[in-house]
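Here is a friendly note to read alongside the model. The points can be taken one at a time, with the structure open beside you.

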Amino acid sequence: MAMRYLRAARENLHHLKCLISHTTGINNRGSQCLFSSAAHQRSAGDENNVDDSEDELGKTVTVHKLQMRASKLEEQVRDLTERYKKALADSDTVKRRTQKFVEDAKIFGIQSFCRDLVEVADMLEKTTDSVSEEALGDKNPTLKNLYDGLLLIQEQLHSVFGKHGLQKMMPIGGKYDPYQHEIVCHVAADGIEPGTVTVVTHEGYQLHGRTIRHAHVGVAVESQD
C-alpha cells in the first residue's frame, strides 16, 4: 500500500516538473519574441502592450503555483519514503520474531512432557539406589537380573534425554544460581566458599539450556559463633 502511494507521488512530481519546464520554456520563447518584435509592439499602441504585460504576469503566477505544488509533492515523496522504510523495518522485525517463535516452539514444545518424564527417571533412580549389594548376591539371581535390567533402562532413558537436549544439572561445587537452584537448607562453610552448592536433595534438569525443574540444593554459609 505504502509503495503504491509512493510511486504515484513520484509520478505526479515528475509530471509537474515537466509541466513547469514546459511553461518556463514558453515564457522564455515569449520573451525572445517580445524583444525581436519590439518595433512592431511600439507601432501597435499602448493597449496591446498592457495586454501582453497582463499575459506575462499570468504566466509568471502560474509557474509560481506549479513550483509551490512541486515543493509540496517533494515533501510528500520524502515523507512517504520514510514511512515505506519504516514499514520495511517493522516487517523485518515481525518476521524475525515470528521465526524465533516458531523455532522456540519446535525446541521447547516437549517441555511439559519432559517435566513428567524426569519424574519417571527419579523413580528408576530411587529404585536402583534402594537395592543393597548384599541383596544382589548369588543367592538371589532373579533380583540381580531385574536390577541389571533397570540399570539398562535407566541408561537408555538418559541417552534419549541427551538426544533431545534434556540434561541433568550437576550443581555440586558450583555457585548458587537462583535461575537453576532452589535452596532447601544451609550448610556450614568449613573451608568452602560461602554460596557454594554442597548438597543436592532433588535433581534439576534443563532443556536446551532452559531450566524446566530447579535443583533443590544446600548452600554453604559462614557459621556464626
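Predicted model: local features only at pLDDT ≥ 70, side-chain atom pairs only at ≥ 80, totals over all residues.

1. Now the overall layout. The protein chain has five helices and six strands. Read from the N terminus on, the order is α-α-α-α-α-β-β-β-β-β-β. Of its 225 residues, 22% count as buried. Among contacts between residues at least 6 apart in sequence, 69% join residues at least 24 apart.

2. Is Thr 196 buried or exposed? Thr 196 counts as buried because its relative accessibility is 10%, and the cut-off for buried is under 20%. Its side chain reaches the backbone oxygen of Glu 193 at 2.7 Å. Leaving aside neighbours within four places in sequence, Thr 196 is in contact with Gly 173, Gly 174, Gly 218, Val 219 and Ala 220.

3. Helix α4 deserves a careful look. This helix has 19 residues and reaches 27 Å from its first C-alpha to its last, close to the 27 Å expected at 1.5 Å a residue. Its buried residues are Gln 111, Cys 114, Val 118, Ala 121, Asp 122, Leu 124 and Thr 128. In general, an α-helix has 3.6 residues a turn, so residues three or four places apart point the same way.

4. Next, the nonpolar cores. The largest has eleven residues, among them Phe 108, Leu 157, Phe 161, Leu 166, Tyr 205, Leu 207 and Ile 212. The elements that give two or more residues to this core are α4, α5 and β4 (205-207). The largest share, four residues, comes from α4. A second, separate core of five residues includes Met 169, Ala 215, Val 217 and Val 219. As background, nonpolar side chains tend to be buried together in soluble globular proteins.

5. Ile 212, a member of the largest core, touches Gln 111, Cys 114, Arg 115, Leu 166, Tyr 205, Gln 206 and Leu 207, with neighbours within four places in sequence left aside. Gln 206 is found in strand β4 and is buried, with a relative accessible area of 18%. A polar contact of 3.5 Å joins the side chains of Gln 206 and Thr 211. Not counting residues up to four places away in sequence, Gln 206 also touches a set of residues including Gly 165, Leu 166, Met 169 and Gln 180.

6. On to charged pairs. How many salt bridges are there? The count comes to eight. One of them joins Asp 122 and Arg 213, at 2.7 Å from N to O. This pair links distant parts of the chain, with Asp 122 in helix α4 (residues 111-129) and Arg 213 in strand β5 (residues 210-213), 91 residues apart. Asp 122 is buried, and so is Arg 213.

7. Other salt bridges sit within a helix. Asp 79 pairs with Arg 83, their closest N and O atoms being 3.2 Å apart. Because they are four residues apart in helix α3 (residues 46-108), about one helical turn separates them. Asp 79 is partly exposed, at 37% relative accessible area, whereas Arg 83 is exposed, at 53%. Lys 144 and Asp 148 meet in a salt bridge of 2.9 Å, N to O. Both lie in helix α5 (residues 141-163), four residues apart, or about one turn of the helix. Salt bridges that share partners also join Glu 119, Asp 122 and Arg 213 into one network.

8. Last, the cysteines. How many disulfides does a search of the whole structure find? The search finds zero. Cys 114 is buried, with a relative accessible area of 4%, while Cys 185 is partly exposed, at 27%.

Note on methods
Residues numbered from 1 in each chain as written. Heavy atoms only, no water. Disulfide = S-S within 2.5 Å. Buried < 20%, exposed > 50% of the residue type's maximum accessible area, 1.4 Å probe, protein only. Polar contact = N/O pair within 3.5 Å; in protein donor to acceptor, adjacent residues only side chain to side chain. Contact = heavy atoms within 4.5 Å. Salt bridge = Lys/Arg side-chain N within 4 Å of Asp/Glu carboxyl O. Expected span 1.5 Å × (residues − 1). Core = buried A, V, L, I, M, F, W, Y, C linked by side-chain atoms within 4.5 Å.
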